[in-house]
Amino acid sequence: MLKKIIGATLFTFVIFLFCYFRLKPLYFQTVGYTYDQGRDFLKAAEIILDKNITFIGPTTGIQGLFHGAWYYYLLLIPFIIFKASPIGFYYFNFFIQLLSFLFFAYFLKKFFGPLVALIISVIVSTSPYFIFTSTFIGNNIFVLPFFLAFLLVNFLLIEDKVNKFKLFLLISGLLVGFITEFELAFGLFLIPSYLLFIIFLKKLRSIYFQKKNFLFALIGLIIPFIPRLLFELKNNFMQTRNFFIYLTSLNTQISRSFGQILQERVNLFYGYFNSLFLNDTALKVFLIFFILLIYFFSEFRIKKYYQSIHFFILLSALLFFLSSLSRTDFFWENYYEGIQYLILLILALALTIDIKINLFLFNFAKINLLIILLIISLNSILKDFKVKPNSFGTLKQLSQIIYFIHSNENKKSNYCVKVYTPPVIPYTYNYLFLYEKLSKNIPTPQSDWVNEKCWFIIEPDDNKERRAQWLNKNIPRLAKTAKETVIDDIEVVLFELN
């Protein structure tokens with residue numbers, strides 16, 4: 001009974017850690033708000049307000065290829081629930097990541113024990129990576145819950161923890177499809193990797209090729225691609241042709257040696273591991289414990305979940321190998337968005353190795369690891385209480401700019417605003433003005449001067465010459481400054497011609 005009370009108390013504290021590090025920036029609206037978020041929010045608004053449905057999503061790093069449209073469809077939910085409020089999209093993502101966290105913790109407790117569940121949960125709740133992905137919005141961010149579900153479903157399949165194989169194979173196919181649609185690059189590596197496992201791993205082969213089970217997985221895989229297929233049919237298979245052009249050009253663009261690429265990938269995967277830990281102290285403590293685990297691995301045979309740990313380790317190795325084959329363009333970290341969950345599952349499996357000798361010592365080490373991680377987390381919270389959130393480049397900063405203009409504009413029914421922003425297209429401001437129109441009935445501004453007056457929002461730019469050229473082109477020489485302010489590093493100026 002006492003163990004249950006202690007366990008419940010500790011897990012309640014872990015949930016508090018998870019919520020604190022994420023809800024603080026959401027409450028103060030100090031969340032990243034850039035060109036991409038403005039563009040995506042506007043697309044969700046377009047689907048709802050203009051009834052203009054799309055079959056394709058945002059652009060990728062490969063010219064002519066796009067992510068799937070499901071990201072835009074998902075954004076429709078917070079757009080409706082929060083009545084187009086920009087911060088609503090972030091709360092929606094937080095809620096999804098919280099549900100994923102709670103389900104992951106429950107899964108770990110059921111199959112790996114409460115101690116392992118607490119250790120992994122503390123890491124997730126305080127990880128800079130998982131904090132960032134809970135307070136940011138992007139198509140790649142929604143890969144996380146789907147990739148986590150994919151890993152857990154395959155664990156259940158491999159360990160014979162399910163009865164309805166056809167249903168879980170259908171779900172597995174759906175998850176792979178959605179992962180690909182939310183982050184195309186990840187899917188291009190994951191799909192061939194998983195197919196190889198189905199062919200060569202005896203356990204998966206016996207599952208998929210029994211009683212036409214593979215057909216259910218294939219149906220699940222195809223469903224998420226339906227909007228993309230419709231787009232291809234409408235546009236004469238434009239993306240398919242671009243994809244094959246990209247593949248045929250790979251061999252002619254090799255610019256770096258395999259050794260250089262290999263070193264980059266080693267650093268990349270170490271970065272994935274490093275991003276799990278709150279600070280260097282937590283990382284060093286876990287590395288010491290990990291060295292002990294390597295010793296235990298060498299001394300004792302793993303008997304529990306050995307098939308799953310082989311699958312997860314092989315999946316990590318194959319993803320690493322396939323990433324090293326890309327030698328032309330920079331391999332962005334988000335190509336493998338959510339791979340940290342794979343690392344965590346390997347760690348969880350390692351923490352459950354069956355040791356008959358020194359079992360007490362091993363459990364004692366795990367308890368001390370948990371205590372150290374909790375102390376580090378508590379110390380981080382105490383320090384964070386004193387830190388004021390930075391508003392540079394955040395939703396709060398841009399919202400303050402819109403508020404300043406509206407509070408100083410007498411004729412809100414007809415006014416002019418011009419925006420200089422390095423990405424050229426001011427999607428960020430466009431969506432905020434749209435939200436003001438929808439929530440407060442304030443019309444969106446004109447782009448031409450009104451009554452010889454116009455507001456200018458001027459963002460900083462490292463390219464001074466480009467910024468100066470835009471200002472000279474858009475601000476007449478006779479214009480005089482009527483009002484001005486600087487909100488963090490962004491200038492807001494009202495010019496008049498009279």
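View 1. The model is predicted: local features need pLDDT of at least 70 and side-chain atom pairs count only at pLDDT 80 or more, whereas totals for chains, interfaces and linings use all residues. Residues are numbered from 1 along each chain as its sequence is written, and side-chain values use heavy atoms, with hydrogens and water left out. Polar contacts between domain 1 and domain 2 number 4 residue pairs, both residues at pLDDT 80 or more. A polar contact is a pair of N or O atoms within 3.5 Å; within protein, one must be able to donate a hydrogen and the other to accept it, and residues adjacent in sequence count only if both atoms are side-chain atoms.

**View 2. The side of domain 1 that touches domain 2.** Helix 2 (35-49) and helix 4 (86-112) each contribute at least two residues to this side; helices are DSSP runs of H or I, at least four residues, numbered from the N terminus. The largest contribution, 7 residues, comes from helix 2. By class, the residues of this side are 14 nonpolar, 5 polar and 2 charged. Here Ala, Val, Leu, Ile, Met, Phe, Trp, Tyr, Cys and Pro count as nonpolar, Asp, Glu, Lys and Arg as charged, and the others, Gly among them, as polar.

**View 3. Area buried between the domains.** The assignment, automatic or from a database, gives domain 1 (1-385) and domain 2 (395-497). Together the two domains bury about 1,500 Å², 77% of it on carbon and sulfur atoms; buried area is the accessible area (1.4 Å probe) that two parts lose on being put together, summed over both. Tyr33, Tyr35 and Leu42 supply 44% of the area that domain 1 buries against domain 2, more than any other three residues.
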